[in-house]
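This briefing is intended for reading alongside the sequence and the coordinates.

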Amino acid sequence: MHLQTLINLVPFYLLFTSTVSAQKTNEILDAQTDRFINQILMDWKSPGGLAIAYVKKDAQGNWVNIETKGYGRATASGKNVTEKTLFNMASNSKLFTVMATGLLIHNETITPRFNWDSKVSAVVPEFNVTDPVTSAEARFIDLLSHRTGYPRHEFAYQYNDTVDTVLQKMRYWRQSYEFRDVWQYNNNMYTLMGSLPPKLLGGMPFARYVKDNIFVPLGLNSTTYSYQIADATGNRADGMSRQNWDLYSGDVFAGTPAATKWWSGTAGGEDGNVLAASGGVISNAVDIATWMQTLLLEGRHPKTNQTVIPADVIHRAATAVIPQSFRPEFPEVSLISYGAAQTQITYRNHLIIEHPGFVRGFQSQISRLPNDGVGVAVLTNDNEYGKLISQLVKYYIMDRSLGLDPIDWSTRLMAQKTTPPPKATPRPVNASLPSVNFTMLAGKYNNAGYGTFELCYTDNPSPPATATCNTLVQSLATVLPGAVRPNIPTLVGAIDSPWFSHIRVEHFNSDLFNVSYLISTAQNNTNQPFWTYNDRSTSDNGATAEVEAVNGHIGLGMAGMWFGLWEPNVPPATPKPQGSTVRARAEVYWDKLDLQI
């Protein structure tokens with residue numbers, strides 16, 4: 001079905017479950033909120049749904065509200081969201097990593113002893129990056145507050161990587177700012193933090209350490225790092241996307257509901273995988289309500305009052321370290337300061353400590369107002385607009401909880417998206433050929449910080465392509481429908497990345513190519529078993545490759561990769577390097593391995 005006709009699906013958006021307990025005074029997730037959220041899902045033509053957790057304690061410390069509820073669609077097959085629906089928590093996983101680090105800091109039996117301000121290299125000697133100052137001086141708090149000077153480098157790691165192999169790759173990544181100059185998000189530094197439990201506790205996997213010391217003691221019985229466990233419950237949500245999403249059709253919210261590929265991987269079980277520490281937690285509204293209560297109680301169990309996480313660990317995570325923003329987006333909010341997987345911001349003169357999380361298909365927003373005793377969490381599986389939907393629902397709940405006049409956040413945030421991004425510049429009609437012919441560009445490329453991959457030319461290669469490329473090219477029409485556009489010389493490579501399954505390199509002019517990161521996504525459709533996710537060929541995604549042929553060597557310099565799939569050409573994106581050579585201008589430079597000229 002097409003989302004332009006979702007007006008016919010009003011019953012689908014009705015709420016499906018509600019759990020309200022404690023000494024309730026004024027219910028927040030009531031019929032009024034139900035009407036509001038149902039309308040939001042309709043207005044934004046959401047292919048998915050959302051779950052809400054809301055908690056509040058009074059001045060005497062009594063919990064007067066503990067509410068959870070689900071709305072909308074959980075899966076492509078039509079299951080509804082309930083308070084038990086399991087979502088990928090994305091970067092809200094990071095706070096569990098910070099809390100685990102704090103527990104290790106408090107563990108007096110481990111060696112070496114360390115604290116937030118200990119040098120990373122003293123505990124993790126494998127930490128050795130391209131900038132000698134960062135290598136020598138970085139403290140754990142620098143990694144946790146994203147001020148190492150290193151950009152995302154999201155595409156460096158693959159599903160088969162381990163924490164150890166990521167640490168090896170870090171040695172070759174290019175730095176984009178000086179150490180401690182700016183806030184610059186980097187998942188890989190949290191991946192490094194996942195090395196601490198096995199290193200300090202005789203090989204204990206990070207994910208099991210978090211389960212044994214946080215999930216189990218708090219009774220977060222549905223929360224896990226294991227895809228298999230989550231899937232076996234029957235409550236796992238699909239990340240839902242808008243297939244055939246056309247930003248230039250006149251309706252930027254329309255599309256056909258389709259499930260996205262699960263981001264955090266299906267391997268690893270309860271030991272976790274390379275993504276665990278940065279974004280691997282899977283949870284639901286019920287458990288997140290307990291988690292918010294624990295945070296508001298400064299680490300104490302909300303039922304037993306026993307300390308599970310020391311209060312100073314909660315405080316340290318929330319303590320501002322570096323500015324994240326330099327200009328408020330709206331008059332009701334302040335600048336944002338970042339601590340350790342927690343931000344500080346004020347909203348209508350109320351302090352909020354919070355963090356967002358986004359991966360393909362999922363958005364989570366977990367916020368608490370410590371001075372008001374309030375916690376609000378919104379978990380969504382709307383891929384394209386979940387971030388904005390979770391924000392406007394969060395503010396709606398806060399306004400009601402605090403007794404403030406409502407603000408029409410939906411209209412404000414919709415206005416940000418009604419104007420589509422700039423269209424891609426059309427390829428010149430008489431485009432000049434590159435300095436190396438297309439068949440010679442096909443082959444294996446290597447970057448020590450990113451690994452090796454093979455590019456395959458899609459148009460009658462001569463000499464014959466490798467067996468791997470022959471198989472790939474023959475399957476493209478099925479596994480990546482529409483990805484190869486007519487009359488544009490194109491190379492495609494398969495990469496087992498959490499962020500994309502294939503890289504597409506399309507010729508633009510001379511030695512310049514456009515780069516796209518595509519995801520072959522399986523679906524339950526015999527006529528079209530796969531669909532192509534993230535094909536942004538109509539818009540300028542800012543990712544390019546330049547060919548270099550010097551002294552018998554072929555190289556590809558790529559830029560627009562540092563910011564991952566996060567709108568790389570939109571401020572405050574990390575600026576691309578400048579220079580007089582392809583290598584100098586490249587964020588990532590690939591050396592061709594198997595054929596020289």
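**Structural briefing**

The axes of helix 1 (residues 31-43) and helix 14 (residues 386-402) come within 11 Å and cross at roughly 160°. The model discussed here is predicted. The points below take up this helix pair, the nonpolar cores, the disulfide and selected backbone features.

**Packing of helix 1 and helix 14**

- Two packed helices are described by the angle between their axes and by the distance between those axes.
- Angles over 145 degrees count as roughly antiparallel, and helix 1 and helix 14 are therefore roughly antiparallel to each other.
- The crossing of helix 1 and helix 14 is right-handed.
- Helix 1 contributes Gln32, Thr33, Phe36, Ile37 and Ile40 to the contact, while helix 14 contributes Ile389, Leu392, Val393, Tyr396, Ile397 and Arg400.

**Nonpolar cores**

- In soluble globular proteins, nonpolar side chains tend to be buried together.
- The largest nonpolar core has 123 residues, of which Val98, Met99, Trp291 and Ile503 touch the most other members.
- Helix 2 (residues 94-106) gives the most to this core, supplying eight residues.
- Beyond residues up to four places away in sequence, Trp291 touches Leu95, Phe96, Met99, Ile214, Leu218, Leu220 and Ile309.
- Another core, of 35 residues, lies apart from the largest one, and its members include Leu247, Val252, Phe253 and Phe330.

**Thr97 in helix 2**

- Helix 2 also holds Thr97.
- Residues under 20% relative accessible area are classed as buried, so Thr97, at 0% relative accessibility, counts as buried.
- With neighbours within four places in sequence set aside, Thr97 is in contact with Tyr190, Met193, Phe206 and Ala277.

**The disulfide**

- How many disulfides does a search of the whole structure find? The search finds one.
- This disulfide joins Cys456 to Cys469, with an S to S distance of 2.0 Å.
- The pair links distant parts of the chain, 13 residues apart: Cys456 belongs to strand 15 (residues 451-457) and Cys469 to helix 17 (residues 467-479).
- The link of Cys456 and Cys469 is left-handed, with -80° about the S-S bond.
- Are Cys456 and Cys469 buried or exposed? Both Cys456 and Cys469 are buried.

**Backbone features in loops**

- The peptide bond from Thr111 to Pro112 is cis, and its omega is near 0°.
- Pro112 is placed in the loop between helix 2 and helix 3 (120-123).
- Ala341 is not a glycine, yet it has a positive phi of about 60°.
- The loop between strand 9 (337-338) and strand 10 (343-347) contains Ala341.
- With a relative accessible area of 1%, Ala341 is buried.
- Asn534, a residue other than glycine, likewise has a positive phi, near 75°.
- Asn534 lies in the loop between strand 19 (530-533) and strand 20 (544-550).
- Because its relative accessibility is 14%, Asn534 counts as buried.

Notes
Residues numbered from 1 in each chain as written. Predicted model: local features only at pLDDT ≥ 70, side-chain atom pairs only at ≥ 80, totals over all residues. Heavy atoms only, no water. Core = buried A, V, L, I, M, F, W, Y, C linked by side-chain atoms within 4.5 Å. Buried < 20%, exposed > 50% of the residue type's maximum accessible area, 1.4 Å probe, protein only. Helix = DSSP H or I, 4+ residues; strand = E, 2+ residues; numbered from the N terminus. Contact = heavy atoms within 4.5 Å. Disulfide = S-S within 2.5 Å. Axes fitted to C-alpha atoms, helices over the stretch in contact; angles between N-to-C directions. Parallel < 35°, antiparallel > 145°, perpendicular 65-115°, else oblique. Left-handed = near helix turned anticlockwise from the far one by under 90°.
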